[in-house]
Amino acid sequence: SQMIQSLWKRSFVSKTLPRLHGGRERQPPSSPDEIVQIKVVDREGKTHTVQGKIGDNLLYLFHHLQESQPNLYLEGACEASLACSTCHVILDDDTYDKLEYPEEAEDDMLDQAACLTSTSRLGCQIILSKEIEGMTVTLPKFSKNFYVDGHIPQPH
């Protein structure tokens, strides 16, 4: 039963993200029960408490936040298709341990990330849930976009 839940969790993350892109995550939470709070340490070391919607990924949350808090910028050049490392984030140890190990495709992209740590993950692969509410996400000091370093694409 635990193995089935683990397999379901992995398939949920890897197979539903592209389908959800631009749809569900653009909808506001329908109730307070759908909201989680997390802490974000920006690139200057300042901690912010933010709210996200259960079921959204961290990349989308940061895209939503950047309109009002530009210092919480996370690029996501490939739009969650696991083709870059520009949404690299650093998780606190407890949260990292609660999550499934990164799949091989994510691990391959993390190999290219700047400021890599032992608790690094791609924000597009972290789905907000009550289980990880209260987590601390640290933005790395910088990221590398091998396609066009210096260009900042806007989320659509």
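Residues are numbered from 1 along each chain as its sequence is written, and side-chain values use heavy atoms, with hydrogens and water left out. In this predicted model, local features need pLDDT of at least 70 and side-chain atom pairs count only at pLDDT 80 or more, while totals for chains, interfaces and linings use all residues.

Trainee: How many residues does the largest nonpolar core have?

Mentor: A nonpolar core is a set of buried Ala, Val, Leu, Ile, Met, Phe, Trp, Tyr and Cys residues joined through side-chain atoms within 4.5 Å. Buried means under 20% relative accessible area, exposed over 50%, and partly exposed in between (1.4 Å probe, protein chains only). Ile38, Leu58, Phe62, Leu91, Met135 and Val137 have the most contacts inside the largest core. The number of residues in that core is 27.

Trainee: Which helix gives the most to this core?

Mentor: Helices (H or I, at least four residues) and strands (E, at least two) are DSSP runs, numbered from the N terminus. Strand E1 (35-41), helix H2 (58-65), strand E3 (88-91) and helix H4 (104-110) each supply at least two residues of the core. With five residues, the element that gives the most is H2.

Trainee: Why is H2 described as largely enclosed by the rest of the structure?

Mentor: The buried residues of H2 are Leu58, Leu59, Tyr60, Leu61, Phe62, His63 and Leu65. They pack against E1, strand E2 (47-53), E3 and E5. H2 is largely enclosed because its buried residues number seven of the eight.

Trainee: At the start of H2, which residue has a side-chain oxygen that reaches the backbone nitrogen of leucine 59?

Mentor: A polar contact is a pair of N or O atoms within 3.5 Å; within protein, one must be able to donate a hydrogen and the other to accept it, and residues adjacent in sequence count only if both atoms are side-chain atoms. Here the side-chain oxygen comes to within 3.0 Å of the backbone nitrogen of leucine 59, and it belongs to asparagine 57.

Trainee: Which residue in E5 does leucine 91 stand opposite?

Mentor: Two strands pair if DSSP finds at least two bridges between them. E3 and E5 run antiparallel and are joined by two bridges. Contact means heavy atoms within 4.5 Å, and the residues that leucine 91 touches include Leu58, Met135 and Val137, not counting residues up to four places away in sequence. In E5, leucine 91 stands opposite valine 137.

Trainee: What is the bridge partner of valine 89 in E4?

Mentor: From E3, His88 and Ile90 point one way and Val89 and Leu91 the other way, and all are buried. E3 runs antiparallel to strand E4 (residues 120-122), with three bridges joining them. The partner of valine 89 in E4 is arginine 121.

Trainee: With which residue does the side chain of arginine 121 meet in a salt bridge?

Mentor: A salt bridge is a side-chain nitrogen of Lys or Arg within 4 Å of a carboxyl oxygen of Asp or Glu, and a search of the whole structure finds three. Arginine 121 meets its partner at 2.7 Å, N to O. This pair links distant parts of the chain, strand E4 and helix H4, 15 residues apart.

Trainee: Is aspartate 56 buried or exposed?

Mentor: The side chain of aspartate 56 meets that of lysine 53 in a salt bridge (3.8 Å, N to O). Lysine 53 has a relative accessible area of 5% and is buried. Because its relative accessible area is 7%, aspartate 56 is also classed as buried.

Trainee: How many disulfides does a search of the whole structure find?

Mentor: A disulfide is a pair of cysteine sulfur atoms within 2.5 Å. Cysteine 78 is in no disulfide, and its nearest cysteine sulfur, that of cysteine 84, is 3.6 Å away. Cysteine 78 is buried at 18% relative accessibility, and cysteine 84 is buried at 14%. The number of disulfides found is zero.

Trainee: Which backbone oxygen does the side chain of lysine 141 reach?

Mentor: Lysine 141 lies in the segment after strand E5 (136-138) and is exposed, at 56% relative accessibility. Its C-alpha atom is separated by 7.1 Å from that of cysteine 115, 26 residues apart along the chain. At 2.9 Å, the side chain of lysine 141 reaches the backbone oxygen of arginine 43.
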